[in-house]
Amino acid sequence: MSLPSTFSAPLDERKFVVALARGLDLLRAFQPGDTMLGNRDFVERTGLPKATVNRLAYTLTVLGYLRLDERHGKYALDAGVLSLGFALLSGSDMLELARPHLRSLAREVGAAVSLGCRDGLDMVYLETIRSETALTLGLASGSKLSMLTSSMGRAYLAVQPPDARAALLAELKKAAGRAGAMLVAEAEQEIAAFATERCCYSFRAWHDDVNAVAVPFREPRENRWLVLSCSGPASSMGEEVFRENVAPRLKALAARLGEPG
């Protein structure tokens, strides 16, 4: 069962419904590009017993969040999940406010510009807009990024209180396995540089041919941290482009949308 979340208060076990958390873990097991998952996939990705997975998958299917493909014996996400996602996106005033600015900046710099937030130990795109000339990975709204290696994740970590950041880094280190210590050390360098740069970079760290920069800001209405990022192919957009051209524009946009970190 996965506990990391955006909920920062101490966990009250008397109020925490384990069965519900496990059911949501099954839904979170789906990753961008997954069309169907079987019980074995659920077991491997969640660590839950097979019998528990069977019961949860059946329940989620009855409720309309999963759909069973009997021919393949696997499950796909169903309309119930889409309804929840649509309710989130359509109810966000910030997305409506930010979208034209993202589109304009994407055209100006010839790259992908995105708005995201934390989702457990990952960052998730709420919106991403690519310029017509941008040669970037085909990530879309709902895509997840590593909090350790992405500029968006590093920027989010940079504005967290020291105790909360230390706890998050410990969880991320554990989740990353053998490479955890090295990845945390690299992330900490960017986080330390945030004090003077007011942004975080990721040069070929998240992907071999992707450079990116990210700037966090606090959303005025809901008082939560969101992150703007801009990414492009490292082969044609080097570090200087991001430091001298993209980062200043991204910082200016963050200041227009909320309170910069």
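Is phenylalanine 42 buried or exposed? At 0% relative accessibility, phenylalanine 42 counts as buried, and the close-ups below visit this ring and several other spots in a predicted model.

**Figure 1. The whole chain before we zoom in.** The protein chain holds 9 helices and 9 strands. Of its 261 residues, 42% count as buried. Take contacts between residues at least 6 apart in sequence: 55% of them join residues at least 24 apart. Keep that in mind as you look at the next views.

**Figure 2. Aromatic rings around phenylalanine 42.** The count of aromatic pairs comes to 4. One of them joins phenylalanine 42 and tyrosine 75, whose rings are 6.1 Å apart centre to centre, with 45° between the planes, a tilted arrangement. Phenylalanine 42 belongs to helix H2 (residues 39-46) and tyrosine 75 to strand E2 (residues 74-77), so this pair ties together parts that are 33 residues apart in sequence. Tyrosine 75 counts as buried, with 10% relative accessibility. Ring pairs also bring in Phe30, which forms a cluster with Phe42 and Tyr75.

**Figure 3. An edge-to-face pair of phenylalanines.** Here phenylalanine 203 and phenylalanine 242 form an aromatic pair, 6.5 Å from centre to centre and with 65° between the planes. Since planes over 60 degrees apart count as edge-to-face, this pair gets that label. Phenylalanine 203 sits in strand E6 and phenylalanine 242 in helix H9, so the pair links parts that are 39 residues apart in sequence. Phenylalanine 242 is buried, at 0% relative accessibility.

**Figure 4. Helices H7 and H8 crossing.** Two packed helices are described by the angle between their axes and the distance between the axes. For H7 (residues 162-176) and H8 (residues 180-197), the axes come within 8 Å and cross at roughly 145°. The crossing of H7 with H8 is right-handed. To find the contact, look in H7 for Arg165, Leu169, Lys173 and Ala176, which meet Gly180, Ala181, Leu183, Val184, Glu188 and Ile191 in H8. What kinds of residues make up this contact of H7 with H8? There are 6 nonpolar, 1 polar and 3 charged.

**Figure 5. The largest nonpolar core.** This core has 30 residues, and those touching the most other members are Leu102, Leu115, Val213, Phe217, Leu228, Cys230 and Leu250. Which elements give two or more residues to this core? They are helix H5 (93-109), strands E3 (112-119), E4 (122-130), E7 (210-218) and E8 (225-233), and helix H9 (239-257). Apart from this core lies another one of 24 residues, including Leu145, Val159, Ile191 and Cys200. Now follow leucine 102: leaving aside neighbours within four places in sequence, leucine 102 is in contact with Val113, Leu115, Glu127, Ile129, Leu228 and Leu253.

Figure 6. Find tyrosine 125 in strand E4. Tyrosine 125 is buried, because its relative accessible area is 6% and buried means under 20%. If you skip the neighbours within four places in sequence, the contacts of tyrosine 125 include Ser114, Leu115, Gly116, Leu139, Leu145, Met152 and Ser229. Glycine 142 is another contact of tyrosine 125. These two residues, tyrosine 125 and glycine 142, are 17 apart in sequence, yet their C-alpha atoms are 5.2 Å apart in space.

Figure 7. Valine 210 lies in strand E7 and counts as buried at 11% relative accessibility. How far is the C-alpha atom of valine 210 from that of proline 233? The separation is 4.8 Å, although the two residues are 23 residues apart along the chain.

**Figure 8. Two arginines with a positive phi.** Most residues other than glycine have a negative phi. Arginine 198 is not a glycine, but has a positive phi of about 60°. Look for arginine 198 in the loop between H8 and strand E6 (200-203), where arginine 198 is partly exposed, with a relative accessible area of 34%. Arginine 204 also has a positive phi of about 60°. You will find arginine 204 in the loop between E6 and E7. Arginine 204 counts as partly exposed, at 46% relative accessibility.

Terms used. Residues are numbered from 1 along each chain as its sequence is written. This is a predicted model: local features need pLDDT of at least 70, side-chain atom pairs count only at pLDDT 80 or more; totals for chains, interfaces and linings use all residues. Side-chain values use heavy atoms; hydrogens and water are left out. Axes are lines fitted to C-alpha atoms, for helices over the stretch in contact, and angles run from 0 to 180 degrees between N-to-C directions. Helices (H or I, at least four residues) and strands (E, at least two) are DSSP runs, numbered from the N terminus. A crossing is left-handed if the near helix is turned anticlockwise from the far one by less than a right angle, and right-handed if clockwise. Contact means heavy atoms within 4.5 Å. Ala, Val, Leu, Ile, Met, Phe, Trp, Tyr, Cys and Pro count as nonpolar, Asp, Glu, Lys and Arg as charged, and the others, Gly among them, as polar. A nonpolar core is a set of buried Ala, Val, Leu, Ile, Met, Phe, Trp, Tyr and Cys residues joined through side-chain atoms within 4.5 Å. Buried means under 20% relative accessible area, exposed over 50%, partly exposed in between (1.4 Å probe, protein chains only). Rings of Phe, Tyr and Trp (its six-membered ring) pair if their centres lie within 6.5 Å; planes under 30 degrees apart count as stacked, over 60 as edge-to-face and the rest as tilted.
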